[in-house]
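Here's a quick briefing for anyone opening this model for the first time. Have a look at the structure, then read on.

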Amino acid sequence: MRTLYKFHGGVHPPTNKDQSNQTSIKQAALPSKLIIPLHQHVGNIARSIVKVGERVLKGQIIGRPEGHLSSAVHASTSGTITATDTEQVAHPSGMPDYCITLIPDGLDEWMPLEEHDWQSMSHTDLRHKLRDAGVVGLGGAVFPSDMKLYSHNQKITTLVLNGAECEPYITCDDLLMRERAAEILQGAEMMRALLYADNVLIGIEDNKPEAIAAMRTAVEAGKHERMEVIAVPTIYPGGGAKQLIRVLTGIEVAAGVRSTNMGVQCFNVGTAYSAWRAIRYGEPLISRIVTITGNVAHPQNFEALIGTPGNELVAQAEELSGTTGYIMGGPMMGVLLPSKQVGVVKATNCLIAASDKLFPPPAPAMPCIRCTRCADVCPSELQPQELYWFSKAKNLAKAQDYHLFDCIECGACSYVCPSNIPLVQYYRFAKSEIWAQEASQKAADAARERHEFREHRIEREKLEKAEKLAAKEKAALAAKAARPLQSPATVTIPNADPENTIQLKIQTAIDHAKEQAAASKPKNTEQLTPEQLAQIADIEARRARIREIAKAASEGPA
Amino acid sequence: MAGFFSPFISKPVGVSQIMLKVLLALIPGLALYVWHYGPAILVSITLASVTALATEAAMLKLRDRPVAPFLKDNSALLTAWLIALSIPPLAPWWMVVVGTAFAISISKQLYGGLGSNPFNPAMIAYAILIISFPVHMTHWLTPHGLGSVQLDFAEQLNYIFQGVLPDGIKLDGVTMATPLDTLKTQLHLNGNINAIMEMPIYGYLAGHGSEAVAFGFLLGGGYLLASGIISWHIPAAFLVTLFASAGIMHLVDPAHYVTPLFHWFSGAAMLGAFFILTDPVTSPTTPRGKLLFGFGAGLLTYLIRTYGGFPDGMAFATLLMNICVPLIDAYTQPAIFGKKVKP
Amino acid sequence: MLNALLVMALIAASLGAILGFAAIKFRVMGNPLVEKINGVLPQTQCGQCGFPGCKPYATAISEGAADINLCPPGGDEGIQKLADLLGMEYKPFGSETAPKAKSVAIIDESTCIGCTLCIQACPVDAIVGAAKQLHTIIASECTGCELCLPPCPVDCITMETITEKITNWKWKYPVYALTPAKYDSPAP
Ligand code: SF4
Ligand code: SF4
Ligand code: SF4
């Protein structure tokens with residue numbers, strides 16, 4: 001028996017998992033349309049590479065990863081692109097983001113898929129494949145997986161596979177482990193090899209005995225000698241990566257420290273499964289298991305295509321009347337979707353149809369009575385009440401001193417607060433305020449630098465000009481000395497002339513432009529799609545570069 | 001619909017339930033109080049409660065705050081009960097009213113109401129009263145079984161509201177100094193502890209009657225600990241410190257220093273340990289801070305009791321430690337997850 | 001007596017040496033106050049404060065020649081920061097100045113004649129372009145100072161306020177109310 005460690009605090013909210021884990025995973029029906037956001041992952045937004053009207057095949061890349069940290073986005077089924085525009089997305093702001101709308105043609109026609117044997121591939125290729133397959137962390141963090149599968153200079157001893165699923169209501173990992181254990185383990189084996197890790201610890205909360213049994217059987221059947229399935233106590237937030245790492249290995253990973261520096265890497269079971277499918281069968285991440293529960297007649301898990309509108313999915317579990325909205329994720333950390341139509345994304349592990357009965361309106365918030373119940377349950381061992389006072393007073397520096405950024409926003413403190421204070425809300429506010437301030441400070445610093453550099457440059461140019469002038473005068477004097485007959489007027493002309501010509505040229509140009517502006521009233525630059533804008537920007541950038549080069553070249557010899 | 005942001009669920013234990021449980025925990029002590037001193041205390045409690053609620057409501061109105069949610073939080077009620085329990089049961093009505101009104105209006109609401117008062121309101125009331133009306137505050141009802149005369153309920157009411165005692169009975173006849181007070185006076189008269197303890201006013205461990213009441217509070221405290229309403233840190237640190245300092249002095253000079261158990265079970269020690277010092281609003285928030293707070297209060301209580309001018313040190317010890325709370329909090333911040341030494 | 005004097009002299013000498021050393025070792029170059037004030041100013045370099053840039057304004061403040069409430073891009077928060085830094089009272093904007101939302105300049109590229117006049121005006125070199133070529137603004141470097149507007153002979157530059165988008169969205173300050181009414185207000 002392995003010794004398990006404990007983390008401080010934690011709460012035991014009613015799990016509410018039994019409603020949805022009774023039936024097996026069901027394939028969701030093909031929706032009438034798919035709204036696929038281009039930014040479903042941590043990092044840079046993917047760039048759209050399809051045009052409106054284009055027919056795409058299932059699994060075809062429609063958003064290409066941009067830059068170092070990014071991930072690809074694919075067509076979830078075959079069909080026609082009808083819009084590449086901004087739509088409401090699953091984000092607490094309720095603001096629109098770039099999405100691609102796809103109307104399925106019902107054929108569900110795959111693009112040609114490449115099957116691979118990961119053992120015969122180089123690690124770099126594997127990572128590229130994962131990135132192009134859009135594999136990201138499916139536990140909710142949606143961090144591009146390829147970026148987590150490096151083991152540069154630190155030795156990674158343990159790969160932790162997270163099947164804890166501590167949030168109430170959610171059962172998607174539970175069902176995945178029960179039904180597809182073997183493939184999860186294949187994926188884990190591949191990840192372990194990529195990380196050169198010694199062993200794999202699979203943590204599953206002990207309220208999922210079927211999943212534990214299924215995984216244990218699969219470990220034996222698959223002869224995965226370096227893997228161990230470990231039942232961990234059921235406690236929220238025991239499925240937080242840091243908490244699970246602590247429970248399984250005793251290692252505490254502080255904020256701002258990478259777990260890899262301490263020899264541990266952590267992946268969700270769903271991610272391992274998707275990574276395996278992506279390599280073995282070449283299937284990109286176009287669907288995921290979503291728990292549909294709450295105010296529905298038949299709570300259960302669906303395998304849903306990314307982009308499926310929430311209401312079409314919930315309808316398949318028969319939404320009941322009185323549903324006021326959908327919560328994406330669990331009740332502790334989830335977000336209330338801005339509308340029911342918002343599409344399923346890679347982070348959507350669960351949609352809870354909320355009703356007043358299931359989630360009664362919170363009681364009014366009272367003042368903090370310093371009872372420290374929040375500190376008693378905080379898994380990060382913070383003093384939430386202090387953070388609350390400082391955040392409330394907008395004393396952001398002080399909040400940071402009290403380790404605001406170690407808060408994982410688990411909500412345990414709000415859950416127990418007898419005064420019903422929306423504590424996490426204050427922390428979210430304080431954090432985003434600090435980020436904004438840091439960003440504007442950075443911008444100000446950059447502006448100052450650029451300004452100072454400019455002043456410096458102007459100074460230098462002035463000096464150079466003066467020098468040149470002096471040199472010229474000297475030369476002129478010398479010339480004069482050599483040919484005393486020449487009139488001095490010719491020397492001064494070159495100085496005055498360019499000014500006049502410039503003025504003249506500008507005037508003609510102005511007139512010209514005015515004519516042009518009058519002629520070309522209807523502008524075509526107003527309603528552009530993001531792609532067109534991106535293209536324009538691209539072209540402009542190229543032009544600018546060329547201009548720079550040209551400028552440098554023309555200035556060079558002068 | 002629930003709130004707009006997670007968490008969407010919460011554990012249904014509110015401030016009012018917590019305060020209610022604390023009130024419940026006072027019942028055993030209160031019952032023993034009535035048993036030993038008669039029902040006068042119930043009158044003071046009622047008086048104090050009514051005054052507290054009325055003052056709270058008036059102040060909230062004045063401060064333009066919603067009245068209903070705050071009246072329902074039971075915190076004013078708790079303050080009222082604690083005031084009534086810490087002053088003599090036969091205190092005249094105006095003393096109860098003045099003390100409670102002062103506690104609620106000045107030391108609670110003027111500082112910002114629930115959660116914002118730096119000092120324990122009940123102890124402020126006690127301090128104000130003992131400074132303003134020292135004579136009244138040192139006359140305690142004689143417990144049943146002691147003294148020659150016993151007032152019945154009607155006579156007690158008469159005294160509380162009209163200040164008149166039955167013919168031929170003087171105040172001194174039905175009241176007496178507290179055990180702690182008596183001890184101090186007797187020691188001044190060069191008495192010996194063993195001899196003093198033979199006086200009828202003393203019972204098994206401490207004052208006759210009052211020791212039982214203290215025991216009742218201990219029981220209530222046990223309930224509070226068991227139900228997780230308070231943490232063990234403050235009561236434990238306080239009681240251990242009081243015990244240790246009394247114990248050391250008792251060992252050194254048993255003739256002039258009473259036993260540590262005497263200190264535990266006399267005065268407001270038990271009430272203070274579980275109900276007053278543990279007031280979350282006026283005590284530190286960190287575990288180490290709570291220990292420090294309890295330690296300081298224990299030491300101060302002992303020092304004031306033994307060397308100070310007041311019979312009991314609980315109130316002043318509490319207030320003095322209240323002052324230190326922000327400092328204690330600032331210097332006892334615990335190490336957080338991941339910033340401790342590695343396992 | 002003599003011993004005492006010697007000891008005192010020795011102490012005085014060593015203390016003096018330490019002070020002297022510290023003065024050299026920890027000397028701060030330049031005027032640190034100006035740098036600090038400048039660090040708080042938004043560096044928009046717009047001159048709306050009446051000085052030709054943030055640094056001159058910072059210098060003026062440090063010399064006591066200017067008030068702390070003259071910088072519109074800094075907003076109320078900026079004044080507050082200056083007040084905190086200088087240990088002064090917060091002072092609201094005067095009647096003529098008001099805080100301003102951050103914006104960026106946009107060049108209408110169909111009208112731009114490539115005259116380079118705006119390039120010369122931009123205090124942070126955020127405009128690229130060369131003579132008779134289209135000019136364009138590097139939005140990420142533009143401070144929104146509006147200094148490029150007046151020199152443009154064809155008025156092709158406009159200012160666009162930066163609105164909240166999903167990428168720069170911030171969590172709002174929780175509404176702290178004692179009535180459940182707070183949840184009736186629409187989500188931000
Ligand atoms: S939300 Fe933050 S402060 Fe609150 S319990 Fe979780 S980690 Fe601690
Ligand atoms: S649980 Fe709520 S009332 Fe208690 S200390 Fe924390 S924030 Fe304050
Ligand atoms: S008004 Fe403009 S130039 Fe003056 S300090 Fe503010 S940003 Fe700088």
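What follows covers how two chains meet and what surrounds one ligand. This is a predicted model, where local features need pLDDT of at least 70, side-chain atom pairs count only at pLDDT 80 or more, and totals for chains, interfaces and linings use all residues. Residues are numbered from 1 along each chain as its sequence is written, chains are lettered from A and ligands numbered from 1 in the order in which they are written, and side-chain values use heavy atoms, with hydrogens and water left out.

**Where chains A and B meet**

- Chain A brings 54 residues to the contact and chain B brings 42 (contact means heavy atoms within 4.5 Å).
- About 3,900 Å² is buried between the two chains, with carbon and sulfur atoms giving 62% of that (the accessible area, 1.4 Å probe, that two parts lose on being put together, summed over both).

**What links them**

- There is 1 salt bridge between the chains (a side-chain nitrogen of Lys or Arg within 4 Å of a carboxyl oxygen of Asp or Glu).
- That salt bridge pairs A:R370 with B:D329, and their closest N and O atoms are 3.1 Å apart.

**Around ligand 2**

- The residues around ligand 2 include A:C368, A:R370, A:C371, A:C374 and A:C417 (a heavy atom within 4 Å of the ligand).
- By class, this shell has 7 nonpolar, 3 polar and 1 charged residues (Ala, Val, Leu, Ile, Met, Phe, Trp, Tyr, Cys and Pro count as nonpolar, Asp, Glu, Lys and Arg as charged, and the others, Gly among them, as polar).
- A:R370 turns up both in the salt bridge and around ligand 2.
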